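Let's take a friendly walk through this protein. Have the model open beside you as you read.

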Amino acid sequence: MTTNEPITHHPSPSTQHPSPDTHAERYDPSVIEPKWRERWERDQLYRVDDNAPGEKWFSLTMYPYPSGVLHIGHWYAFAVPDVFARLQRMRGYNVLFPMGFDAFGLPAENAAIRHNIHPATWTFENIDTMRRQYAQMGAMIDWSREVITCTPEYYHWNQWLFLQMLKRGLAYRAKGAVWWCPKDQTVLANEQVLEGNICERCGTAVYKRDLEQWYFRITDYADELLRDAEELDWPERVKTMQRNWIGRSEGARLRFRLETGDELEVFTTRPDTVWGATFMVLAPEHPLVETITTADRWAEVEAYVEQARRQTEIERMSTDEERQRTGVFTGAYAINPVTDERIPVWIADYVLMGYGTGAIMAVPFGDQRDFEFARAFDLPIRVVVQPEGVPPFDAATMTEAYAGPGILVNSGPMTGKRVPEELPEIIAWLAETGRGEAEVNYRLRDWLISRQRYWGTPIPVVYCDDCGMVPLPEDHLPVELPLAAAFTPTGQSPLVTNAAFLNTTCPQCGGPARRETDTMDTFVDSSWYWFRYTSPHDDRAPFNPEAAAMWTPVDLYCGGIEHAILHLLYARFITKVLRDLGLIEQSEPFLRLRNQGMILAEEGTKMSKSRGTQVAPDELVAVHGADALRLHLMYLGPWEQGGPWNSRGITGMERFIRRAFGLVTETGAEPASRQAGEPASRQETEALARLRARTIERVTTDLDEFQFNTMVAALIEYVNELMRLRETAVIHTPAWREALETLVLLMAPSTPYVAEELWERLGMPYSVHHQAWPTYEPALARADEVEVVVQVNGKVRDRLMLSVDLAEDAAREQALSLPKIAEAVNGREPRKVIYVPGRLINIVV
C-alpha cells in the first residue's frame with residue numbers, strides 16, 4: 001500500500017455539506033489549544049498517582065537525544081503512541097506515559113568544539129526547547145517523572161550498577177581495538193571515521209590500536225537472551241535480528257598442536273570436515289602471531305598486520321567477488337589432529353579476532369572463502385564430502401566450495417558416514433580420542449562500554465601504583481564530571497588533562513591515585529531508564545523496588561527499528577542483571593514492542609536539514625493546529641511503514657476538524673430545546689444507533705491493532721454520515737446527542753485539544769480525558785447487509801447486496817434474477833450453485 005497520498009479508499013475529509021447557519025463560529029486552534037494546554041498544566045491533568053484506581057498500564061516511547069528541535073520524525077514517533085496511551089486511560093487503566101532525555105553523547109562534544117559552548121549548556125538549552133514542543137503536541141506526559149541522563153542524580157546509579165557488576169565478574173577490563181588518529185593523538189568513535197578510514201576532524205589516515213577497555217559480560221546471558229525472545233510480543237523482524245546478532249552455533253572445539261609447542265584451538269560448525277583441513281589461518285590480531293612467526297617472515301607479517309588495522313570489519317568480511325583474498329605465511333606449521341599432517345599457518349584479514357577463537361582450520365573444499373584463499377596461494381584442496389547421485393568431485397577442477405550434505409570420503413575411520421545426520425557421532429569420537437569436544441559458540445561479543453569521551457558517565461575506579469585498579473566505595477558516588485572542561489580541536493577528552501579530576505586518593509591505602517578517564521557508552525544510560533521513571537527522585541537506590549514491581553515490565557514500548565539490536569539487547573541484558581541483583585523479579589523489560597516507520601521527504605529520500613527537506617512541526621502547528629498535524633501523521637499510511645511526507649493532506653485534516661467542530665457546536669444543544677419538525681421514525685433512530693455502534697467498533701479495533709490510518713478514516717466516515725443525518729428529524733432525538741458525545745469521545749485520543757473544547761461546549765464535566773471509552777451493543781454493530789460477489793463458472797459477473805442472515809435458497813433466487821447473470825447463464829440449468837455466506841455465489845453451468 002502506497003503512503004505517498006492518503007489511502008485512496010478512505011473518505012475525503014473535505015466533503016462539503018451545507019450548514020444551516022452561515023454565521024457559525026469557526027474553529028480556531030490558535031485560541032483553543034493554548035487555552036487547554038494552560039488548563040491541563042495548571043490542573044496537573046496528566047500527573048500519575050501510583051495509588052490511583054485501575055489496573056496499571058506502562059506505555060513508553062523511546063526517549064530522544066536532545067538535539068535541539070523536535071522534527072516531524074519525533075512527532076511521528078511520539079504523538080501516535082500518545083493516542084494509544086490516551087485510549088488505555090479512557091478504558092480505566094492507570095496509565096504511566098513518561099518522558100526523559102538521552103542526554104549524554106558525542107554530538108554535545110562536537111557542538112562544544114564547533115560553537116565554543118559547554119556540552120551541558122548546549123544540552124539543557126535544547127531540552128528546554130523540546131519540552132515546550134512536547135507540550136505543544138498535546139502529549140499526555142507526566143513531567144514530574146522526567147529523567148535526564150546527564151544529571152548526577154541519574155548517572156550516580158549507572159556507576160552503582162557498574163560496581164555491582166564488577167563485584168560479580170560481569171564488568172572487566174581487557175585490551176580491545178579502537179580507531180586511533182596519530183595526528184590528534186586521540187581515540188575516535190566509529191562515526192568519526194570517514195570512508196577510506198580518514199579522521200573527520202583533520203583528514204589523517206587512522207588505524208586500529210589496542211587499548212585497555214571496559215566490558216560488560218553480556219555473553220554470560222546469551223542463551224537466556226535467545227530463549228526468552230521467543231515469548232515476546234515483538235515484531236518477528238526484530239526477534240530475527242536479535243537471534244542473528246546473538247548467532248548461536250553448535251559445533252566442536254578442536255585442538256591443533258603447533259611445532260613451536262603452542263596449542264591452537266579452533267571452533268568449527270563442521271568438525272566432520274577436519275580431514276580436509278590443509279592449512280590454518282589466524283586473525284592478524286591473534287596474540288600467537290608474534291610468538292610463532294619466524295624471523296625470515298616477520299617483516300612481511302608485521303606489515304600485513306598494520307594494513308589490516310586500517311580496515312573496518314565490514315571491509316574485511318566482504319564477500320565482494322572483486323575483492324582479492326590477501327594473506328601472509330607466518331613460517332609456522334601446525335599438526336592436523338586427525339591426519340597428523342604438517343599444515344602451514346597463515347594470517348589473513350577475513351578471519352576476525354572477535355568470532356570464535358580468532359583462528360580457523362581452513363577447509364577449502366567446504367568453505368568458499370577458504371577455497372578462494374587456497375586458489376590464490378596455491379594451497380591444497382582435499383575432497384572430503386561426496387554428495388549422492390552426482391559424479392565424484394575432482395579438487396583440481398572445482399570452481400567453488402561445496403558445503404552441502406553427503407557421505408564422508410578421505411576421512412579415515414569416519415569415511416562412509418553420512419553428514420549432517422551422523423555429525424553427533426563424529427563429535428563424540430573426537431571427544432573420546434582427546435582431539436576436541438562439543439561446544440556451542442555465539443557471534444555475540446561482550447559489550448565494550450569504554451568511551452574516550454568527556455560527555456558521559458565517569459567510570460568509578462581509580463588506579464594506584466601500590467594497589468592497582470581500585471573500585472570506589474559506594475559512599476564516594478557519584479563521581480561527577482568536572483564542569484571546567486577545556487575542549488581542543490583535536491577532540492581529546494578534557495578529562496585527560498584536568499588535573500583536579502584526574503588526581504585523587506586511593507580509597508584502599510590513602511596514597512595518590514589517578515581516576516579512570518574513560519566514560520561509559522551512552523547505551524548504558526538507556527539500558528535501564530524506564531525503571532527510573534517509576535521513582536525518579538529516589539536518592540537511596542536506582543529505583544524503588546516496590547514502585548518498579550507495580551509498574552514494570554513496560555506494557556508497550558514504541559520506537560524505531562534502528563534500535564532493534566543494540567539498545568533492545570542491552571536493555572534485556574541489564575534487566576536480567578537487575579533481576580539477579582534482587583531488585584526486580586521479571587526477566588524481560590518490554591512485553592510488547594511496536595516500531596514506527598520513517599517519515600521521508602516528499603521525493604522519497606531521507607529528510608535532511610542541510611538539503612532543506614526537513615519539515616518543521618512548529619510552523620505547521622502555527623498554521624493548522626497540533627490536532628490537525630496529529631491526524632495527518634496518522635493518516636499518511638500504516639504507522640509501521642512510514643512513507644513520504646505529504647504537505648497537502650494536513651489541510652484536509654484541518655477541514656475535517658472544522659466540520660466536526662461545527663457539527664457539535666451547531667447541533668449539540670439538548671434535544672428538548674429543539675422539538676420543531678416531524679418526529680424521527682424508529683428506523684431512523686435505529687439506523688443512527690447502528691452507525692454509532694459500528695463506528696465505536698471500528699475505531700476501537702483499529703486502535704488496538706495500531707491501524708491509525710484506518711481509524712482516522714472511520715472518524716471521517718462517521719462525521720460524513722452525521723452531516724447527512726443532521727438534515728433529518730433524528731437530530732431532535734436523544735440518540736443524536738449520544739452520537740455527538742460519542743464522536744467527541746472517539747476523537748479525544750487523537751485530537752485532545754478540540755475534543756476537550758467540544759466536551760465543554762456540550763456542557764459535560766471536565767475533563768474529556770477523564771471519561772470512559774464509549775461502549776456499544778455488539779448486535780448493533782453487525783451489518784444488516786453485505787456485498788456478495790456473483791460468479792458464473794468462477795468468473796465474476798456481478799455483485800449483490802444481501803441480508804447477512806439470508807437463506808441459501810433466497811440468495812440463489814436473487815442471484816439468478818440479475819440481468820447480467822441471466823445473460824451469462826443463457827437459459828441453461830445450473831448444475832451446481834456454491835454459496836459462501838457473506839462472500840460469494842458461484843453458479844456452475
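## A buried glycine

Let's begin with glycine 247, which is buried, with a relative accessible area of 14%; a residue counts as buried when that value is under 20%. Keep in mind as you look around that this is a predicted model. Glycine 247 sits in the loop between α7 and β10 (248–258).

Which residues does glycine 247 touch, leaving aside its neighbours within four places in sequence? The contacts of glycine 247 are then with Asn441, Tyr442 and Arg443. Arginine 257, in turn, is 10 residues from glycine 247 in sequence, and the two are 28 Å apart in space, C-alpha to C-alpha.

## The whole protein

Now zoom out. The protein has 845 residues, and 55% of them count as buried. Its secondary structure comes to 27 helices and 34 strands. Taken along the principal axes, the box filled by the C-alpha atoms is roughly 110 × 85 × 50 Å.

How do the contacts relate to the sequence? Take the contacts between residues at least 6 apart in sequence: 73% of these join residues at least 24 apart.

## Salt bridges across the sequence

How many salt bridges does the count come to? The count is 52 salt bridges. One of them pairs aspartate 210 with arginine 309, with the closest N and O atoms 3.2 Å apart. Aspartate 210 belongs to strand β9 (residues 207–216) and arginine 309 to helix α9 (residues 298–309), so this pair ties together parts that are 99 residues apart in sequence. The two partners can be described by their accessibility: aspartate 210 is partly exposed, at 31% relative accessibility, whereas arginine 309 is buried, at 15% relative accessible area.

Another salt bridge joins the side chains of aspartate 233 and arginine 594, at 3.3 Å from N to O. Here aspartate 233 lies in the loop between α6 (222–228) and α7 (236–246), while arginine 594 lies in strand β28 (residues 593–596), so the pair ties together parts that are 361 residues apart in sequence. Aspartate 233 is partly exposed, with a relative accessible area of 39%.

Two packed helices are described by the angle between their axes and the distance between the axes. For helix α19 (residues 626–635) and helix α20 (residues 649–667), the axes come within 8 Å and cross at roughly 120°. That angle makes α19 oblique to α20, and the crossing is right-handed.

Which residues of α19 and α20 meet? From α19 come Asp627, Ala628, Leu629, Leu631, His632 and Tyr635, and they meet Gly649, Ile650, Met653, Glu654, Phe656 and Ile657 of α20. The residues of this contact between α19 and α20 divide into eight nonpolar, two polar and two charged.

How values were computed: Residues numbered from 1 in each chain as written. Predicted model: local features only at pLDDT ≥ 70, side-chain atom pairs only at ≥ 80, totals over all residues. Heavy atoms only, no water. Axes fitted to C-alpha atoms, helices over the stretch in contact; angles between N-to-C directions. Helix = DSSP H or I, 4+ residues; strand = E, 2+ residues; numbered from the N terminus. Parallel < 35°, antiparallel > 145°, perpendicular 65-115°, else oblique. Left-handed = near helix turned anticlockwise from the far one by under 90°. Contact = heavy atoms within 4.5 Å. Nonpolar A, V, L, I, M, F, W, Y, C, P; charged D, E, K, R; others polar. Salt bridge = Lys/Arg side-chain N within 4 Å of Asp/Glu carboxyl O. Buried < 20%, exposed > 50% of the residue type's maximum accessible area, 1.4 Å probe, protein only.
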